[in-house]
Amino acid sequence: MRTRTTTATAAAALTTAVALLLTACGGGSDSDDSGKDDIAGADTGASASASPSPSASEDGVDRPEIKLPADVKNVFEGAKTGDPVKDAVLADNERMINSIDEAITVDAEEHPALKFYSKDNALVAAATYVQSFYEGGTTWTGSTRYYDREVTLSGDNAATVTYCGDETESYSKGRKTKKVKKTPGDADDYVSYNARVEKNADGVWQTVNVVSERGSEKCQP
């Protein structure tokens, strides 16, 4: 399971989240804390490999590139529904998830994809989540699987995306020590998500709010 620090106050978390929207994450001590995350999302010095995000050229939108380290992988099931609008929603949902994990696992001056695919409550939550890894001195490695992905459209420019995450093969990793903390999988490794998305003027389905439940029974095998 991925782990993060949970000690920051709400005010401090909001301050660092806003700072993250403008600049890169940074700082924090190395630790092997066992806090548990509530929102979905390496070797920060490792070379990055191409993200499995859908191609940016398919719809003509000028998208920021997303790259994840070679030891970090997100696997998305059910990308094609047969409905082009739903497929576009799922594609940007993948990019949103990858943008958060890129911000966690890759040190960079900026993470433009984070703001490109999330806004409003979802953006603040994502930034706070990312910053918590830096404050805890951790990152993550391994593979996370996303499945049972369903889209419910609400008019032409809004939708809800529900999906499950399996973190049984993703592990906490010391940001400085590179030490991987492998733990046996358990119920808390299964997370359910309910995301509200809205289509912006550029045709991007941005996530505006996400509600998650760790240990979700409906996501467990």
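In the largest nonpolar core, which has 33 residues, Val 89, Ile 100, Ile 104, Val 161 and Tyr 163 touch the most other members. Such a core is a set of buried Ala, Val, Leu, Ile, Met, Phe, Trp, Tyr and Cys residues joined through side-chain atoms within 4.5 Å. Buried means under 20% relative accessible area, exposed means over 50%, and partly exposed lies in between (1.4 Å probe, protein chains only). The model is predicted: local features need pLDDT of at least 70, side-chain atom pairs count only at pLDDT 80 or more, and totals for chains, interfaces and linings use all residues. Residues are numbered from 1 along each chain as its sequence is written, and side-chain values use heavy atoms, with hydrogens and water left out.

Two or more residues of the core come from each of strand E3 (72–76), H2, helix H3 (112–117), helix H4 (120–136), strand E4 (138–153), E5 and strand E7 (190–199). H2 gives the largest share, 7 residues. Helices (H or I, at least four residues) and strands (E, at least two) are DSSP runs, numbered from the N terminus. In soluble globular proteins, nonpolar side chains tend to be buried together.

Ile 104 belongs to helix H2 (residues 84–105). Its relative accessible area is 0%, so Ile 104 is buried. Beyond four places in sequence, Ile 104 touches Tyr 129, Val 130, Phe 133, Tyr 134, Thr 139, Trp 140 and Arg 175. Contact means heavy atoms within 4.5 Å. Between Ile 104 and Tyr 129 there are 25 residues of sequence separation and 8.6 Å of space, C-alpha to C-alpha. Arg 175 also meets Tyr 134: the charged end of Arg 175 sits over that ring, 3.8 Å from its centre. This arrangement requires NZ of Lys or CZ of Arg within 6 Å of the ring centre and within 35 degrees of the ring normal. Val 89, again leaving aside neighbours within four places, contacts Val 151, Leu 153, Ala 159, Val 161, Val 197 and Trp 205.

Aromatic rings form 5 pairs in the structure. Rings of Phe, Tyr and Trp (its six-membered ring) pair if their centres lie within 6.5 Å; planes under 30 degrees apart are stacked, over 60 edge-to-face, and the rest tilted. Phe 116 and Tyr 117 are edge-to-face, at 4.9 Å centre to centre and 70 degrees between the planes. Tyr 163 and Tyr 193 are stacked, because their ring centres are 4.8 Å apart and their planes stand at 15 degrees. Tyr 163 lies in strand E5 and Tyr 193 in strand E7, so this pair ties together parts that are 30 residues apart in sequence. Both tyrosines, Tyr 163 and Tyr 193, are buried.

The bond joins Cys 164 to Cys 219, S to S 2.0 Å; the cut-off is a pair of cysteine sulfur atoms within 2.5 Å. Cys 164 lies in strand E5 (residues 158–174) and Cys 219 in the segment after strand E8 (205–214), so the pair ties together parts 55 residues apart in sequence. The S-S torsion is about -75 degrees, so the disulfide is left-handed. Cys 164 is buried at 5% relative accessibility, and Cys 219 is buried at 3%.

E7 and E8 run antiparallel and are joined by 9 bridges; strands pair if DSSP finds at least two bridges between them. Glu 198 stands opposite Gln 206 in E8. The hairpin of E7 and E8 has 5 residues between the strands, and there Gly 203 takes a positive phi near 90 degrees.
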